[in-house]
Amino acid sequence: MGWMEELQSALAARGLAVASIPGKGRGLITTRDFAPGDVIIFQEPYASTPNKTSSGSTCDGCFASNNLKKCSACQVAWYCGTACQKSEWKIHQSECRALAALSEDRKKMLTSTIRLMVRLILRKQLQSEQVIPTNAMDNYDLVATLESHISEIDEKQLVLYAQMANLVSLVLPSLEIDLKETTHNFSKLSCNAHTICDGELRPLGTGLYPVISIINHSCVPNSVLVFENRVAFVRAMEPIAKGTEILISYIETAATIETRQKDLKQYFFICTCSRCTKNSYEELEETATLEGYRCKDKKCSGFLILDSGKQSFTCQQCGLSRDQQEIKEIASEIAQVLGKASVCLSSGHLSEGSTMYKIVEQLQLKLCHQCSLSLLQTRETLMKVLMELKDWKGALTYCRLTIPTYERIYPATHPMLGLQYYACGKLEWLLEFTEDALKSFIKAADILRITHGTRTPFMKELLHKLEEARAEVSYKLSASD
């Protein structure tokens with residue numbers, strides 16, 4: 001049996017199959033029904049590496065940042081304990097010898113991407129020597145068949161990949177490195193590797209998951225990719241019927257069509273999902289809502305369309321005009337105050353920065369639609385700054401203001417919406433708004449149970465807070481009775 005037949009057999013046991021999708025190449029389709037929250041597929045990385053923090057210390061095994069000790073031999077790898085060190089030893093034993101032999105200058109050239117490639121090559125070598133076992137979902141053949149798009153990248157990028165391949169050969173002098181193959185593999189990483197995130201979707205590192213890389217993109221996905229330590233889990237966000245293609249999002253989908261298509265360029269395809277093939281009016285409405293201007297009448301929720309002949313904007317809903325020059329002046333003022341506010345924050349002047357961001361918010365309210373992404377960004381910044389200043393009430397005010405925008409720009413079961421409800425609940429709990437906290441925790445748990453499961457420490461903490469709030473509300477009710 002060939003490797004592809006073995007893969008199809010392994011996937012069949014999970015209710016999946018690799019299929020040829022018109023206009024997309026390969027894709028993953030279901031051979032049974034899946035319910036929201038079902039794990040469709042999970043996979044350990046073929047190779048992974050943590051993002052190095054400014055202090056340079058993240059566990060190579062689980063990406064934790066606590067209780068770390070540096071490998072005494074190579075002085076590059078870090079581990080949080082013996083369990084992670086043992087789990088990584090087969091790969092790190094070979095890597096360690098190579099890294100220990102490098103000069104300090106060469107060690108400084110070890111970017112996360114270089115280390116990821118070094119680990120990929122070592123895994124391939126150790127699997128060929130049968131030191132590390134292979135199976136249908138864990139073998140180099142899966143990596144070899146990933147699309148590199150090497151013929152579509154520009155010459156400058158190709159030269160960079162070739163230079164990186166040379167650097168890998170200097171790191172691993174005892175192995176005969178195929179420079180062409182390694183150059184192609186760098187190109188594969190750029191359009192196939194995934195950012196590994198924690199439960200709150202903060203980036204921790206990068207991993208290559210060859211089977212999950214078969215899953216295609218949509219701006220209206222039916223599934224979500226999340227991580228438990230380094231293990232990638234794809235979960236259904238909605239009921240998925242037998243014979244349906246599994247789709248995840250490769251990018252931030254809270255953006256206009258133009259921004260999304262620009263972000264997808266690195267993957268060398270043009271998305272044709274339902275959001276990207278709207279009619280011109282629907283596209284105009286989405287762009288104007290997310291990035292455009294509001295009607296001058298505060299009671300009107302319409303969006304503005306530029307009337308180039310009159311040098312003004314006209315509201316598509318009520319027909320009221322707004323002078324283009326007035327909009328330019330407010331936009332210019334926003335840009336000036338925003339620049340000063342950003343400098344204040346980067347200089348550590350949080351209180352002054354928050355005051356300036358509040359001015360930005362008031363100016364944006366005159367100019368932007370209520371669901372504007374720039375207004376959302378300002379409010380998110382204010383929420384974070386006020387939390388740092390321990391102004392919990394102020395932070396909660398801005399967190400609550402973001403929720404309606406999150407509800408508009410994300411699907412009902414999107415993890416970002418669940419996390420925002422959770423942030424809201426934690427602030428409400430802190431301020432002893434117990435009933436409000438309970439409602440927020442319930443909304444957060446209803447979404448995050450689907451996207452994250454219930455096993456991780458992150459989810460256990462959320463569910464514990466939910467039960468705590470429920471008990472507190474019950475106690476208050478019984479006490480008042």
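1. Let me begin with the span 59–96: its end C-alpha atoms are 15 Å apart, and 39% of it is helix and 11% strand. Helices here are DSSP runs of H or I with at least four residues, strands are runs of E with at least two, and both are numbered from the N terminus. In UniProt, an unreviewed entry puts the feature "domain: MYND-type" at residues 59–96. UniProt positions follow the numbering used here, feature names are shortened, and such annotations may be inferred rather than shown by experiment.

2. A word on the basis of these notes: this is a predicted model, in which local features need pLDDT of at least 70 and side-chain atom pairs count only at pLDDT 80 or more, while totals for chains, interfaces and linings use all residues. Residues are numbered from 1 along each chain as its sequence is written, and side-chain values use heavy atoms, with hydrogens and water left out.

3. Asn 67, in the loop between β4 and β5 (69–70), has a positive phi of about 55° although it is not a glycine. Asn 67 counts as exposed, because its relative accessibility is 66%. Gln 75 sits in the loop between β5 and β6 (78–79) and also is a residue other than glycine with a positive phi, near 60°. With a relative accessible area of 41%, Gln 75 is partly exposed. The classes are buried for under 20% relative accessible area, exposed for over 50% and partly exposed in between, with a 1.4 Å probe and protein chains only.

4. Now to the sheet with the order β4-β8-β7, an open one of three strands with antiparallel pairing. Because β4 (47–50) and β7 (194–197) are at its edges and have a single partner strand each, one side of each is left without a neighbour in the sheet. From one strand to the next, the twist averages 30°. Strands count as paired if DSSP finds at least two bridges between them.

5. Which residues face each other across β7 and β8? The antiparallel strands β7 and β8 (residues 203–208) are joined by four bridges. Thr 195 has Thr 206 in β8 as its bridge partner, and Cys 197 is opposite Pro 203 in β8. The hairpin of β7 and β8 has five residues between the strands, and there Leu 201 takes a positive phi near 65°.

6. Helix α4 (residues 112–128) lies across β4 and β8 and runs at about 150° to β4. Angles run from 0 to 180 degrees between N-to-C directions, and axes are lines fitted to C-alpha atoms, for helices over the stretch in contact. Thr 49 belongs to strand β4 and is buried, with a relative accessible area of 2%. Leaving aside residues up to four places away in sequence, Thr 49 touches Phe 63, Ser 112, Arg 115, Leu 116, Gly 205 and Thr 206. Contact means heavy atoms within 4.5 Å.

7. The other sheet to check has the order β3-β11-β10, is open and has three strands with antiparallel pairing. Its edge strands, β3 and β10 (223–228), each pair on one side only. Neighbouring strands in this sheet are turned by 20° against each other on average, direction ignored. Six bridges link β10 to strand β11 (residues 231–236) in the antiparallel sense, with Val 224 opposite Arg 235 in β11.

8. What lines the second largest pocket? There are 28 lining residues, and Glu 44, Pro 45, Arg 123, Asp 138 and Arg 230 lie nearest the centre. At least two lining residues come from each of β3 (39–43), β4, α2 (82–100) and α4, and α2 gives the largest share, five residues.

9. Finally, Pro 133 is in the loop between α4 and α5 (140–144) and counts as exposed, at 58% relative accessibility. Pro 133 touches Gln 127 and Asp 138, not counting residues up to four places away in sequence. Pro 133 and Ser 347 lie 214 residues apart in sequence and 52 Å apart in space, C-alpha to C-alpha.

Conventions: 1 Å grid on protein atoms, 1.4 Å probe; cavity = no way out; pocket = protein on both sides within 12 Å on 5 of 7 lines; lining within 4 Å.
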